[in-house]
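Have the structure open while you read.

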Amino acid sequence: MLFRRNPLWPLLGLFVASPSLAQPIPVVPARPMPGPPGLETAPDHLKRYTDCMRLARMEPLKALPAAERWIVEGGGLGARHCVAVAMFQSGKHAQAAAQFEAIARDMGNDRPGLRAELWAQAGQSWMETGAAEKAAAAQSKALELKTGDPDLWVDRGLSYAAMQAWPRAISDFDRAIRLRQDDVEVLVLRAAAWRNARDPGRALTDANRALSIAPDHSEALLERGYANLARGSRDAANSDFNRVLRLVPAGSPAARRAEAGLSAAGANPPAAPAPAQPNAPPPGLGGKR
């Protein structure tokens with residue numbers, strides 16, 4: 001699935017050396033905010049942040065001590081964000097989540113859009129640890145600040161799906177679809193949630209709607225196949241599963257799910273998986289997932 005934020009978008013609107021250098025990005029309000037104390041006039045502040053983030057992306061184990069030294073030298077929120085991203089990249093997801101949350105809290109009431117993105121990053125990090133409840137809590141804070149972002153609703157819906165809280169997941173996917181109508185990926189997620197909530201009729205409706213937009217979407221075909229299987233429509237289900245096998249590489253996760261559907265006895269499908277949680281790229285700000 002999609003819906004992950006572009007990796008390592010720098011916080012350009014927040015951590016520049018002076019307001020005159022600011023290049024606002026979509027989630028950052030245009031109102032300038034000075035850099036941390038002692039760095040307002042440092043001409044290399046933005047470059048140092050950009051370099052640190054690049055190192056965090058490429059060599060996080062090297063970036064961590066460099067960013068920690070920068071904190072001691074007065075790097076402020078920029079250095080702390082670089083530390084958090086380097087932690088995420090190096091697999092220290094729980095520590096990264098705590099760092100993202102701390103930065104968001106320490107910003108006070110400034111920049112609600114940016115704080116929402118930081119809470120979203122924390123949620124992604126918690127999901128990497130398997131802590132879906134903590135992820136949903138962080139994502140709820142993000143949504144308090146930025147209710148019009150469909151990707152945030154999807155993020156929290158995925159967390160609820162991991163908790164098997166299907167009504168909550170469906171409600172969040174509903175909100176995302178209202179904000180971004182006819183989004184195939186979200187329709188597939190909601191179909192999977194309806195299927196797991198034991199409502200194959202509504203799952204079939206969402207899968208058909210997705211396939212009317214993207215006829216060869218393998219995940220939508222799988223959802224329609226499993227919905228038909230649950231409704232006892234074996235021939236229709238087999239048709240979708242065989243079509244998936246023609247579309248996807250042999251041995252892929254989608255191929256294995258299609259094969260499982262074909263081998264299911266009678267009208268009873270195998271245990272239905274939750275909506276797929278994507279392999280999240282490193283969290284970042286300012287872009288779509």
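Helix axes here are lines fitted to C-alpha atoms over the stretch in contact, and angles run from 0 to 180 degrees between N-to-C directions. Two packed helices are described by the angle between their axes and the distance between the axes. This is a predicted model, where local features need pLDDT of at least 70, side-chain atom pairs count only at pLDDT 80 or more, and totals for chains, interfaces and linings use all residues. Residues are numbered from 1 along each chain as its sequence is written, and side-chain values use heavy atoms, with hydrogens and water left out.

**Helix α12 and its two partners**

- α12 (residues 218–230) and α14 (residues 253–263) pack at about 15°, their axes 11 Å apart; helices are DSSP runs of H or I, at least four residues, and strands are runs of E, at least two, numbered from the N terminus.
- That angle makes α12 roughly parallel to α14 (under 35 degrees is roughly parallel, over 145 roughly antiparallel, 65 to 115 roughly perpendicular, the rest oblique).
- α12 passes α14 in a left-handed crossing, meaning the near helix is turned anticlockwise from the far one by less than a right angle.
- On the α12 side, Glu219, Leu222, Glu223, Tyr226 and Leu229 make the contact, and they meet Ala254, Arg257, Ala258, Ala260 and Gly261 of α14; contact means heavy atoms within 4.5 Å.
- By class, the residues of that α12–α14 contact are 6 nonpolar, 1 polar and 3 charged (Ala, Val, Leu, Ile, Met, Phe, Trp, Tyr, Cys and Pro are nonpolar, Asp, Glu, Lys and Arg charged, and the others, Gly among them, polar).
- With α13 (residues 234–247), the α12 axis comes within 8 Å and crosses at roughly 160°.
- So α12 runs roughly antiparallel to α13.
- This crossing of α12 past α13 is left-handed, and the residues making the contact include Leu221, Gly225 and Asn228 of α12 and Ala237, Phe241 and Val244 of α13.
- The α12–α13 contact residues split into 9 nonpolar, 3 polar and 4 charged.

**Helices α6 and α7**

- The axes of α6 (residues 112–129) and α7 (residues 132–145) come within 8 Å and cross at roughly 170°.
- The two helices, α6 and α7, are therefore roughly antiparallel, and α6 passes α7 in a left-handed crossing.
- Among the residues that meet are Trp119, Trp126 and Met127 in α6 and Ala138, Gln139 and Leu145 in α7.
- Sorted by class, the α6–α7 contact has 12 nonpolar, 3 polar and 3 charged residues.

**The disulfide**

- The count comes to 1 disulfide, taken as a pair of cysteine sulfur atoms within 2.5 Å.
- Cysteine 52 and cysteine 82 form it, with sulfur atoms 2.0 Å apart.
- The link of cysteine 52 and cysteine 82 is left-handed, at -100° about the S-S bond.
- Cysteine 52 sits in α2 (residues 45–58) and cysteine 82 in α4 (residues 76–89), 30 residues apart, linking distant parts of the chain.

- Residues 150–183 are 79% helix and 0% strand, with end C-alpha atoms 10 Å apart.
- Residues 218–251 are 79% helix and 0% strand, and their end C-alpha atoms lie 14 Å apart.
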